[in-house]
Amino acid sequence: MAEGTPVGRRVVFVMLGLGALGVAVGADVQRGTDRFVAPLRENDPTGLTDLLPSGGFRYYSVVASVPERTSADYELRVHGLVDRPLTLTLDDLSRMPQTELVRDFQCVTGWRVTSVRWTGVRLADLLDAAGTRPGATALTFRSFDGAYTESLTIDQARRPDVLVALTMLDGPITHDHGGPVRLYVAPMYGYKSIKWLAEIEVVDTVTPGFWEQRGYDVDGWIGKSNGRDDEPV
Amino acid sequence: MSPSEDPAGNPEDPAEATAADSDGPAGDGAAAFVRRFGPATRWAHWSTAALTAVCLATAAVLYLGPLATLVGRRQLVSAVHLYAGLALPAPMLAAALSAAYRRDLAELDRFTPADWKWLRTRPRRRHTDAVGKFNAGQKLYAAFVAGAVLVMLGTGVIMEFGGAFAVTHRTGATFVHDLLALSLFAGICGHLWMASRDPAARLGMRTGVVPRPWALREHPAWHTEPDAPPTE
């Protein structure tokens, strides 16, 4: 029969303890490590530092691949219950009044990136430019990834903290972050901030978006939906 | 010559020869192979290995930007990762119904003074005289994997179903899950490296039996049971 001291199970208990400790203080440790990992990452052509656990954005896409659009071929269509349907290029959007927001980005899966700088056109300004008709109560957004859709009510869309964003993190929005143009709905979870924005249709009823048809709340307020209590943005 | 190598031409009863040899590892004419792992242990090992491979592959796609960009299909990938992860402890729990598997666990759990000495000695100078069924490195690795599976499961559940937890704790759970995934990956690479250099050990996990000389050399203090040669 086996003799000796039960070291194996002690190792297991110590690991469980360290795991619990990590859950308790991991967020603070990560803030600390981010401070010296972030500069390393910026100067790392190999991408190896991406292996280190760290905060920051994570890449989510619901399709196998997303076509690239640049300023040369990007277009945003605004149509539906509007007086003046619009087809806007990146230059058109850049010439409209730009609004800057510095707000957190909170994902419904738990990660949060603090104090992200966003600039872009207020969605409210875009709706005014197109002129919404009576009966317009909601918007349907479509992505040029060919699958993702989102929704907002007109009242939500007219909030001053909802942008058709052209820059984030002090530069043009990269392809992986949903560029060249994405939505940024500051007070709601990240799935509301549709990436690769191609189309805004003004409609008379809310059509739940991609994730909302799969169980996520249509009104995705941070801290007040999806059974979560995150600090509001 | 072993009875199993020439069962027809040997007048001696093979069963009797086997029984006579079963006392100790030494002895001439002993069976060429000894039993190392029962079916439950091997089944648990290979099921856990398969689930771990699925977890690691899907984790890479979820975690590494370039792979995520390449594969996309996040909903499918994360569902596969979730269910493979939730299932990870199942083979080990099921195998615990087997007494042979529980005996292997007990062997892995217990450290003797010789194990500590083995760990403190440099690999080339190690005395294997006192090494039983498992050496101290194997015992430590088994404990690490057992602890890691539980911590990965706990932090994973917090990440997936942890709506009741504060955001700092969910961030902490993600941090632990990420960091331990990397450690586990490093550990598994080491495990595969050791296995790649030891065909007899691989044979043992594949078929359940190992060559007797290997057992005598690597695990002299292990009380072996003779067995038929491997069938694959």
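**Sheets and cores**

Guide: Let's start in chain A of this predicted model: strand β2 (residues 76-80) of chain A and β3(A) run antiparallel, joined by three bridges.

Visitor: Which residue is the bridge partner of Arg77(A) in β3(A)?
Guide: That's Thr87(A).

Visitor: And what's the strand order of the open sheet in chain A?
Guide: The order is β3-β2-β11-β6-β7, five strands with mixed pairing. β3 (86-88) and β7 (149-153) of chain A each have a single partner strand, so one side of each is left without a neighbour in the sheet. From one strand to the next, the twist averages 15°.

Visitor: Which strands does helix α3 of chain A lie across?
Guide: Helix α3 (residues 123-130) lies across β2, β3, β6, β7 and β11 of chain A, at about 130° to β3(A).

Visitor: Switching topic: which residues touch the most other members in the largest nonpolar core?
Guide: Leu93(A), Leu123(A), Leu126(A) and Leu197(A), out of 46 residues. Leaving out residues up to four places away in sequence, Leu197(A) touches several residues, including Tyr74(A), Phe141(A), Phe144(A) and Val181(A).

Visitor: OK, chain B now. How many strands are in the open sheet there?
Guide: Three, in the order β3-β1-β4, with antiparallel pairing. The edges are β3 (209-211) and β4 (225-227) of chain B. Here the twist averages 45° from one strand to the next.

Visitor: What packs on the chain B sheet?
Guide: Helix α10 (residues 199-207) of chain B, which touches β1 and β3 of chain B. The direction of α10 makes about 155° with that of β3(B).

Technical notes
Residues are numbered from 1 along each chain as its sequence is written. Chains are lettered from A and ligands numbered from 1 in the order in which they are written. This is a predicted model: local features need pLDDT of at least 70, side-chain atom pairs count only at pLDDT 80 or more; totals for chains, interfaces and linings use all residues. Side-chain values use heavy atoms; hydrogens and water are left out. Two strands pair if DSSP finds at least two bridges between them. Helices (H or I, at least four residues) and strands (E, at least two) are DSSP runs, numbered from the N terminus. Axes are lines fitted to C-alpha atoms, for helices over the stretch in contact, and angles run from 0 to 180 degrees between N-to-C directions. Contact means heavy atoms within 4.5 Å. A nonpolar core is a set of buried Ala, Val, Leu, Ile, Met, Phe, Trp, Tyr and Cys residues joined through side-chain atoms within 4.5 Å. Buried means under 20% relative accessible area, exposed over 50%, partly exposed in between (1.4 Å probe, protein chains only).
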